Amino acid sequence: MSAFSATDHAHMARALRLAEQGLYSTQPNPRVGCVIAHDGQVVGEGWHQRAGEPHAEVFALRDAGERARGATAYVTLEPCSHFGRTPPCADALIAAGVARVVAASEDSDPKVSGGGFAKLRAAGIAVETGLMREAARELNRGFFARVERGRPWLRLKLAMSLDGRTALANGESKWITGAAARADVQRWRARSSAIMTGSGTVLADNPRLTVRVASFPPAGEGEARPLRVILDRQLRTPPGAHVLDRSSPTLIFHAADARAAHTGFDRVERITVAVQNGGLDLSQTLRVLGERGINELQVEAGPTLCGALLQSGFVDELLLYIAPVLLGDKARPLLVLPELHEMTQARRLRVTDQRQIGDDLRIIYRE
């Protein structure tokens, strides 16, 4: 691996900041930024804004114009080498006459993987990779999860009291957390390709599972409309449920023997999956979502579904909000998990982020 200079690091850091501007709008494509520099001076910048529109390299080359000739292009992901909805970025870099390409990460998508680098090298362009690779992969953790293992990055969003409860015994849960924490959840929803819950939550809370665009995303970033995913084995969702309206697209997974009792289901898409251990096959469900281009999946559900996902090893990240309230031992638990008999059986998580959000504490955990 090459020894990258301080200038290389500065330009790639800028490319990553540019890529972050696509956080809410590029799915199913990755978030990518590009900086073009000549003799250390930035002459062009760009970032991928929406799927189906030009990629980061194209915007940066347009910005640079003739100044791109002989320059270095810093890009956060391997330039594509195939014709999709847009022409290959590798071809655009070659035509512009850049002398060097520095890429943070290879693209694991089989349509691209290694092909972009090979095409650039064949054209006589110096290619160096690996600069700030982990940061680039972290920004696109959903994309890499989908293309490398066939299922989305699964984020489990939970909110609990100090004594580990999520709702009163009668099911009332609005609101455990404060307004600032609830607004923060909207940002996590907006960056997600889909939001998933179970039919029990639909029956109990009638959630909308939409992004409240009145306050977010900010002007100019476009409207985020993640796919709503409902696990409803027996099609119990009632006709007046918000998830059956047309405010956002909805996909319902159900068992083969389920029968729709009303016409509300005609407004949404339904997919049959197998039943396993009394519930829908979670592995098959996640594979289907991966095939549909879902990168980041946020789950906002009850303790049974959340516990099943965690127990099955499908949870990549826990997004936990802790409110400074006490609900008592009769209130509902955070997760339904099997009983442990020894402390050695306990699952230990690591904290990747911790911060105060209003009066509440937000902690992000990974295994």
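This is a predicted model: local features need pLDDT of at least 70, side-chain atom pairs count only at pLDDT 80 or more; totals for chains, interfaces and linings use all residues.
1. Residues are numbered from 1 along each chain as its sequence is written, and side-chain values use heavy atoms, with hydrogens and water left out.

2. On confidence, pLDDT is the predictor's score for each residue, from 0 to 100. The chain averages 91, and 95% of the residues score at least 70. The lowest confidence is in strand β7 (residues 165–167), with a mean of 87, and the highest is in strand β14 (residues 296–299), at 98.

3. The chain has ten helices and 18 strands; these are DSSP runs numbered from the N terminus, helices being H or I of at least four residues and strands E of at least two. Its radius of gyration is 23 Å, close to the 21 Å from the globule rule for 367 residues, so the chain is as compact as a globular protein of that length. That radius is taken over C-alpha atoms, and the rule is 2.2 Å times the number of residues to the power 0.38.

4. In helix α6 (residues 141–149), the buried residues include Phe 143, Phe 144 and Arg 146. Just after α6, Gly 150 has a positive phi of about 85°.

5. Arg 189 lies in helix α7 (residues 179–190) and is buried, at 11% relative accessible area. Beyond its neighbours within four places in sequence, Arg 189 is in contact (heavy atoms within 4.5 Å) with residues including Leu 209, Thr 210, Gln 298 and Glu 300.

6. A nonpolar core is a set of buried Ala, Val, Leu, Ile, Met, Phe, Trp, Tyr and Cys residues joined through side-chain atoms within 4.5 Å. The largest has 36 residues, of which Leu 156, Phe 253, Leu 297, Val 299 and Leu 309 touch the most other members. A second, separate core of 25 residues includes Cys 34 and Leu 120.

Key
Buried means under 20% relative accessible area, exposed over 50%, partly exposed in between (1.4 Å probe, protein chains only).
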